[in-house]
Every structure is written in C-alpha cells, then in structure tokens.
Amino acid sequence: MNVRTEEKTAVIHIGLGLLVMISLFAFFENFENFGDTQTIQVIQLVGGLICGAVAFAIFAQGWIWFAEKLSKHRFYTAILFIVLAGFSFLLAMGPDGVGVRDSDMDTRLSNVCLVISHLICAVGMLVIFSASDNQITRRYKVSVLLGTAVGSGALLLLLFSYQQILPESMLELGSFPQFKLTIWIITMLLYSAGIAGVMYHHRKAKTIASLTVVRALLFMMMGYSLLLTGDPAKPSFYHMIGQWYMAISYYFVLKGVYQLTILEPFRVQQKIEARMKHMAYHDDLTGLPNIRRLKETLAGMLSTSSKTSELKGVAVVNIDRFKAINDSLGYSTGDLLLKELGKRLEMLCTEQERVYRLGDDEFALIFTGLTESKQLEDRAEQLLHSVNPSITIVDTEYHVSLSMGLAIFPYDAKSVDHLIQYADMAVHYAKERDVTFLRYSEDMKLRTQARVELENDMRKALDREEFFLEFQPQFNLLSGKMVGMEALVRWNHPKRGLLPPNEFIPIAEESGLIVPLGEWVLKTACGYNRRWQLEGFDPVCVSVNLSMRQFRQYNLAEKVDSILKEVGLEAHYLELEVTESMTFDIETALNQLESLKKLGVHISIDDFGTGYSSLNYLKSLPIDRLKIDRSFVREVMIDGNDAAIVSTITMMAHHLKLKVTAEGVESKEQLEFLKQQNCHEGQGYLFSKPVKAEELRDHFLNRKAG
C-alpha cells in the first residue's frame, strides 16, 4: 500500500469514528440508558482486556524483536505500553469489572487510574513520536525498565494506600464539573501536541507509519472523550463504545509502531544495502559495472564453460593520451569524456556483450556467443572501429583514439584474473606499436616478465656499480680537432651481459629510475672531465642528456650546481642536452632553462627537427646549440628533402647565432656536405664510435702544451 492510499484510508476511518461519536453525543438522551447494564459491562470488560493484551503485544514487539538494534522510539513505546497494559488490566478488575467486585479498588481509584493512564499515554506519545530516534545501549535499556517498574509500583502502592481520601465526586456528571473539564482539555491538548509532533517530524515526506500513529491518537482522543461522558463509575453504552475506541486505537498503535520501528527501518536498511551493493559493483562516474562485477560475471561464465562450445573473450579498451587530455583540458572534461565513451560502448554492445569500467582510462568488454576465435577477433575489432571518435563537450568537439587488447578463453587464458591481465597486456603492446588492436600472445607475457625482471635488476644495478659511461667525441668539422664529448650510459648486466640503451632506458623512464640514474650519469661525467683536466689534458665540454622526468624537477638547477661544486668542474665545461618535446610547455621550459643558464652551463636542443618546435618560441629559449638528428644526416646524400632540412637548420642556427652539431656522421660525403652548409661540429662513426673512458683519455684527449 502506498502513502496516498493509506492517507485516504485514514481519512475514512477517522471520519467514521467522528460520525459515530458525534451521533452518540447528538442523541445523548436516547443512548444514555441504552442496553442491559450487565451486557454492557461484559462488552466493556472484553474491550479493556483487549486493550491490555494489545498493549502487551506492543511491548513484546518493541522489546523482543531486533533487540540487538533497539532504538529509542521502539524502546520507549514498549515501556509506555507495558505500563498502559497494567492500567488496562487494573481497570478491568475495578468496579466496572465482572466477578471482581471484592477487589480493593473502589470507584475513586478507578477514576484516578483512568485519568492517569490517559495522561501517561498522551505525554508518552508526544515525547516518543516527536523526538529524534537513535540507538540505545543494553545497560540503558535494563536500567530504564527497572526504573519504570519501581516507579509504577510505587505509584500504584501510593494510590491504593490513600484511595480513601480521594474525592468521590470529582468525575461525576453533575454539571460537568470544572476539574473534570480541565482534565479533559489538558489530555486533549497533549494528544493534539502528539499529533502535531508526528506530522512535523514527517513534514518532508509522509509515511504509512506516521499516518497510522496519527489515526491511533485521534481514536484515543475520541475514546477518552466517550469514557469521561457521564459518571465513569457507572457503566453505560458510551463507556462501552469508548473502551472499544481505545482498543481500536491500540491496534493502530501496534500497527504503526510495527511499521515505524520495524517495517520501515527494515525497508530503509534494504535500500541502503541495495545502494551499497550497487556502489560496490558499479563505477561512481559512469554508472557502469566495475572490475568486481566483471570478475564475478566471468567466474560464473567460466564455471559453466564445459557445457557449451562458446568462446569467452575479454577486451580492454584504452583511451590514447588520456593523461594529456586531463592535464590540458582539466579533470572535469576528462570525466565527461569517460561518461560519453562509456555510453557509446554500451550502445554498441549486443545482448550477449557487456561493458565495464576498469578505472582511469580503461574499459572492459565481455564477448560471448561465438565459437571461432577469428569471429570473436573480427567482432571485437568491428566494435572498436564503430565507436565515433568525435565527442562534443561543452560546445567543443574533441577527437579521441582508442586502442584495444583481446584475450580469449580457453586459448589465451583459463582463469578470470589471467583473462583480464592478458587483455590489458595486449592493449599496452598495441599502444607501444602504434596499432589500434592486438590479441594476446605468449611472447607478450615473456617480454613483460623480462621487463619486470630487468626493472628489479636495475634497482640494484646502481649500488652494484653495474653501470658505466662511454664517451663519443665531437669534432670541429673545419679543424678536425676534438672539441667536446657526449656521455652515454651503458649497463653491464651480470647475467645478460652488455645491454643496449634502448632496452633499459625506456624502462627507467617508466619506473622513475631514470632520475637517480640520470644524476649518477651527470655526476660521473663531470667527475671524469674534471679528473682529466687535473691530469693536464686540454679542457673540453662534456654533454649529458637530461630525461623528461629530470627536466621537470623543480630543483634541477640546485642539483646541477651541487654536483658541479662537489666535483669542482667549472659550469662552462658542461653542456646539458634537452629534446624538443621538453619545450612544449614553453613557460615551464623557459623558467627551467633560464635557471640552468644562470649557472653558466651550455644548453643544446638534441635530435632537432624530429619534434614540432615553434620557431617563435625557439628564438626566445636561452640555448647555445642545435643538434641535427641522425635521421636527417643519414639520408642527406640520397634524399633531397633531408638535405634541404639540414641546410635550413644550419642556416637558421647561424641567423640565431647558435652553434650546430650534426649527429650520425658516417661517411666522407656527408662530412663534405655538412662543411658546405657551414655546420660547426659533428659526431658519428666516421670519427669514432662511443668508447670507454680510458680509451678516450689515451687516444682522443690532447695534453696542454708544455
């Protein structure tokens, strides 16, 4: 039953109750002496006993059920109605009872008990249902129950002991005495305040329980008014109806308390648990199922795989360069992009396919219903290419590219974790190879394991002194004199032997080990240069490459200065090489380069021509040299475009008053071409391959005259 239906039902019940009561008062003379006195007594007694039984049921319901999670509302309602149950049974044994005329309770005490019970009921309902609700402790529960029992017993003992001094006529009919009217008004006001408290407490949203409690309080008001009609000590038709009104009101309290303190909290708890379960199994941002749901779904599928020949495929979809999107456009734009992409993937899925959010910039898809690997691969690739790459966010259109990796059960993996792991591995291999789709293969795992092992070995290599430097000399193209050298790191692996830089440098970049390794290279290269100067060799400049992570360090200039001072090398004998990509953020790059230039070191742009440097920014950077990438020098004699690029770079450098060094010079023809373009310096296998420090010292360095 919904709240609106319950509201209509409550209005009908209250309306009928009022109609009956008003009819009784309107025809008072006709009903005053209506019916046999003994029959009325029996019916009234049954009503009183029912009141007591229902009141005890309210106590049992509030006290026993869910006792470990007892709230104040339930607890105080239970206490209130066990007291009212006692009064109901007491009144049943009084002068209006049947077969208990010999009891010690006379008319005066019966009247007082009637008034007190309704005052307690009105005050109790007001306090309970207008106050906030919270949990109570077991110790508090026991102490209040004992206190109530002692207080109630003391009150009854007091009333029984002094009932003889109570005035006999205080509730008699005669002219409706002032005291009786005052008691009735006070009780009605308390009941009305209780109704107002319940309605105010549920002002934002009415509940079925609150409407039921309001209905109970209104029937209590009507029942009490009928019980006070005439002389309460003389059984009458009004008192009988009033007693049954009270029985009805107690029933509504029983129903309302059950709904308010048990049913509704149970439903709220169900909603909370459902919400928590949804949060546990769904992504907050996109609303898609998360990796926990993905694993459970896959586990269920794999457990029944023996009964079907269908394959199960897991694909991981990765947004290319998502970090750059977040960094440049902000996280809010990135979040909107993720939500939109999640919707598009969901719309493209068939009934047998599902999409999940793995986190960060990755989604996962499950493919079922196919029996051939090729079919599954084709479907996955088709879905990937069906995603519209154009996404409009806040009136701006963005184009995103996606990469996908796929793993198939049972061919690629036979467990849930391995399926997800291998699909993720495949997508990263796809990104590395600049392709959009790859299926997992065993060699990916082997290479990944090798990379992990290599990273672990690299962490120990510095302490074990497994790294060493080689130097490639740089020569003046006109004089042929050695004018500088570039320091290049090498790794002598204890098991795998000499490793090429392209095998371990990318891993160092990814893991962050490039920072301590770069500092070691810088310090070692400067140390060699200073030592050779002290040995009497002509001083030359040593070039050291900076990684992106090093260049982004806020205290890079301080570290360089500290190393120079530690080894005692003058700053102008050090040249730091940065790549074009490091200067994309022109403001940051400018600040960093200016800090380094203040030290007195030289700055060069390495691999120039392979990036997208703005010439406007280039002229503002505090640099000393451009190094032409070997890819242009290699084809300079057979590709007119490369020759034009080299010529243009050289000419531009001269105009900007920068020096030019050509990398990768391997033939005399290349050398002659570079001389014609007025290129200042060169390095490459034509002059020398990279050599160890001892060989450079013995064969390339020149001693000072004298």
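These notebook entries record what I looked up in the structure.

**Entry 1: basis**

I worked from a predicted model, in which local features need pLDDT of at least 70 and side-chain atom pairs count only at pLDDT 80 or more, while totals for chains, interfaces and linings use all residues. Residues are numbered from 1 along each chain as its sequence is written, and side-chain values use heavy atoms, with hydrogens and water left out.

**Entry 2: the whole protein**

I looked up the secondary structure and found 25 helices and 17 strands. Helices (H or I, at least four residues) and strands (E, at least two) are DSSP runs, numbered from the N terminus. I then looked up burial: of the 706 residues in the protein, 47% are buried. Buried means under 20% relative accessible area, exposed over 50%, and partly exposed in between, with a 1.4 Å probe and protein chains only. I also looked up contacts, where contact means heavy atoms within 4.5 Å. Among contacts with a separation of 6 or more, 71% are between residues 24 or more positions apart.

**Entry 3: annotated spans**

I consulted the UniProt record, an unreviewed entry, for the feature "transmembrane region". The record places this feature at residues 9-28, 40-63, 75-94, 109-130, 142-161, 181-200, 207-227 and 247-266. UniProt positions are given in the numbering used here, feature names are shortened, and annotations may be inferred rather than shown by experiment. I checked two of these spans in the model. Residues 142-161 are 100% helix and 0% strand, and their end C-alpha atoms lie 28 Å apart. Residues 181-200 are likewise 100% helix and 0% strand, with end C-alpha atoms 28 Å apart.

I traced an open sheet of 5 strands, with the order 2-3-1-6-7 and mixed pairing. Its edge strands are strand 2 (354-359) and strand 7 (437-439), each of which pairs on one side only. From one strand to the next, the twist averages 20°. Two strands pair if DSSP finds at least two bridges between them. Strand 2 pairs with strand 3 (residues 362-370) in the antiparallel sense, over 5 bridges. In this pairing, Arg357 stands opposite Phe363 in strand 3. Helix 12 (residues 331-348) packs on the sheet and touches strand 1 (311-319), strand 2, strand 3 and strand 6 (402-409). The direction of helix 12 makes about 5° with that of strand 3. Axes are lines fitted to C-alpha atoms, for helices over the stretch in contact, and angles run from 0 to 180 degrees between N-to-C directions.

I next examined Glu346, which is found in helix 12. Glu346 counts as partly exposed because its relative accessible area is 45%. Leaving aside neighbours within four places in sequence, Glu346 is in contact with Leu288 and Val355.

**Entry 4: backbone exceptions**

Most residues other than glycine have a negative phi, and most peptide bonds are trans. I therefore noted the following cases against that general rule. Phe409 and Pro410 are joined by a cis peptide bond, with omega about 10°. Pro410 is found in the loop between strand 6 and helix 14 (416-432). Asp434, in the loop between helix 14 and strand 7, has a positive phi near 60°. Asp434 counts as exposed because its relative accessibility is 71%. Asn678 also has a positive phi, of about 60°, and is placed in the loop between helix 24 (668-676) and strand 16 (681-682).

**Entry 5: strand 11 and its partners**

I found strand 11 (residues 541-545) mostly covered, with 4 of its 5 residues buried. Strand 11 pairs with strand 9 (residues 482-493) in the parallel sense over 3 bridges, and Glu486 stands opposite Ser543 in strand 11. Strand 11 also runs parallel to strand 12 (residues 574-579), to which 4 bridges join it. There, Val542 stands opposite Leu574 in strand 12.

**Entry 6: helix 17 against helix 19**

I looked up the packing of helix 17 (residues 514-534) and helix 19 (residues 556-567), whose axes come within 9 Å and cross at roughly 35°. Glu519, Leu522, Lys523, Cys526, Gly527 and Arg530 in helix 17 meet Lys559, Val560, Ile563, Leu564, Glu566 and Val567 in helix 19. The residues of this contact divide into 6 nonpolar, 1 polar and 5 charged. Ala, Val, Leu, Ile, Met, Phe, Trp, Tyr, Cys and Pro count as nonpolar, Asp, Glu, Lys and Arg as charged, and the others, Gly among them, as polar.
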